[in-house]
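Subject: Structure handover

Hello,

Here is the structure we spoke about, with notes on what was found in it. Please read the notes with the model open.

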Amino acid sequence: MNSREAIDAKQESLAEDLGMSDRQYRDWERQRKPIPRSRLDDLAQALRLDDAGRRQLYRLTGHLAPLSGSFSGDERLLELTERWVDVHIHRQSAPACLTDGAWNVVAANDAYHQLFYAVSPHPLNHPVVNTLRWTLFHPDAPHMLGAWREAWMLPNLCQFALALQNNQSDTQLRVIREEIASRPELEKAYLHTVPGLLAQPSEYPDDEDGVVREILTGPGGFTPVLLTTAIPSHARDHGFRAVTLSLEAS
């Protein structure tokens, strides 16, 4: 069997698993017809994707990534979030993303993807997958994020500490806590530096709104970036937060 025949056979097998014709499936692959959101989980199962691959499939097909936990089946929340994202994320010219309560990227615009196009692939720790895990765990982060420890790592650890304090039973947060504990530099900062930062009454080390940081954007070096945040009113109690990264002239 040559390569073309192998591809055809695989397409036929997937189409059969999905209960559709070969032609309909090929239209999906060739982007002649959009893949309905309602069929994405079936397609992910047919392709034998893990959870990270499933979430990536949603993003690549232009849909919101699956909402986590008890919100996964909330159609009303999904509908409102899709409308909000269309206006506040996709119509933004600056890089922008929306994350859920565990920092999973629910949606991101083209400018955000372009900003991080050179980051090494990773199923969990990539900036288009999870912003907290990217900042803390990806090996590219300390090199790409200016003043990584003070400007990025410590504020993110403060955010995480507050989130875990408020929701200690969350499985995703507990997994992140275990990974922090496995990394000596992060664990030391988490145990000995973060509590002092959070105890300062006049400071808000976990708040990113209005701060200017630096990101390596190419051979020209670091570029100042203004971070502004917004919380969708319909998802105020769900931990959703949008971050816009406005690149400033050096």
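Predicted model: local features only at pLDDT ≥ 70, side-chain atom pairs only at ≥ 80, totals over all residues.

Helix packing

The axes of H9 and helix H11 (residues 184-199) cross at roughly 75° and come within 9 Å. H9 and H11 are therefore roughly perpendicular to each other. On the H9 side, the contact is made by Trp148, Arg149, Met153, Leu154, Leu157, Cys158, Phe160, Ala161, Leu162 and Leu164. H11 contributes Glu185, Leu186, Ala189, Tyr190, Thr193, Val194, Leu197 and Leu198. By class, the residues in the contact of H9 with H11 are 15 nonpolar, 1 polar and 2 charged.

H11 also meets helix H10 (residues 171-181): their axes come within 6 Å and cross at roughly 110°. That angle makes H10 roughly perpendicular to H11. Here the residues are Arg177, Ile180 and Ala181 from H10, and Leu186, Glu187, Tyr190 and Leu191 from H11. The contact of H10 with H11 divides into 5 nonpolar and 2 charged residues, with no polar ones. Leu186 and Tyr190 of H11 are listed in the contact with H9 and again in the contact with H10.

Aromatic pairs

The count of aromatic pairs comes to 5. One of them joins tryptophan 103 and phenylalanine 160; the ring centres are 6.4 Å apart and the planes are at 45°, so this pair is tilted. Tryptophan 103 lies in the loop between S1 and S2, and phenylalanine 160 in helix H9 (residues 148-166), so the pair ties together parts that are 57 residues apart in sequence. Phenylalanine 160 is buried, with a relative accessible area of 0%.

Another pair, phenylalanine 116 with tryptophan 134, is edge-to-face, at 5.7 Å centre to centre and 70° between the planes. Phenylalanine 116 is in the loop between helix H6 (110-115) and helix H7 (131-137), while tryptophan 134 is in helix H7, so this pair links parts that are 18 residues apart in sequence. Both phenylalanine 116 and tryptophan 134 are buried.

Ring pairs also link Trp103, Phe160 and Tyr190 into a cluster.

Most residues other than glycine have a negative phi. Are they buried or exposed? Arginine 48 is exposed, with a relative accessible area of 74%, whereas tryptophan 103 is buried, at 7%. Arginine 48 is in the loop between helix H3 (40-46) and helix H4 (51-60). The loop that holds tryptophan 103 runs between strand S1 (96-99) and strand S2 (105-108).

Whole chain

The chain has 11 helices and 5 strands. Of its 250 residues, 44% are buried. Among contacts with a separation of 6 or more, 46% are between residues 24 or more positions apart.

Regards

How values were computed
Residues numbered from 1 in each chain as written. Heavy atoms only, no water. Helix = DSSP H or I, 4+ residues; strand = E, 2+ residues; numbered from the N terminus. Buried < 20%, exposed > 50% of the residue type's maximum accessible area, 1.4 Å probe, protein only. Phe/Tyr/Trp six-rings, centres within 6.5 Å; stacked < 30°, edge-to-face > 60°. Axes fitted to C-alpha atoms, helices over the stretch in contact; angles between N-to-C directions. Parallel < 35°, antiparallel > 145°, perpendicular 65-115°, else oblique. Contact = heavy atoms within 4.5 Å. Nonpolar A, V, L, I, M, F, W, Y, C, P; charged D, E, K, R; others polar.
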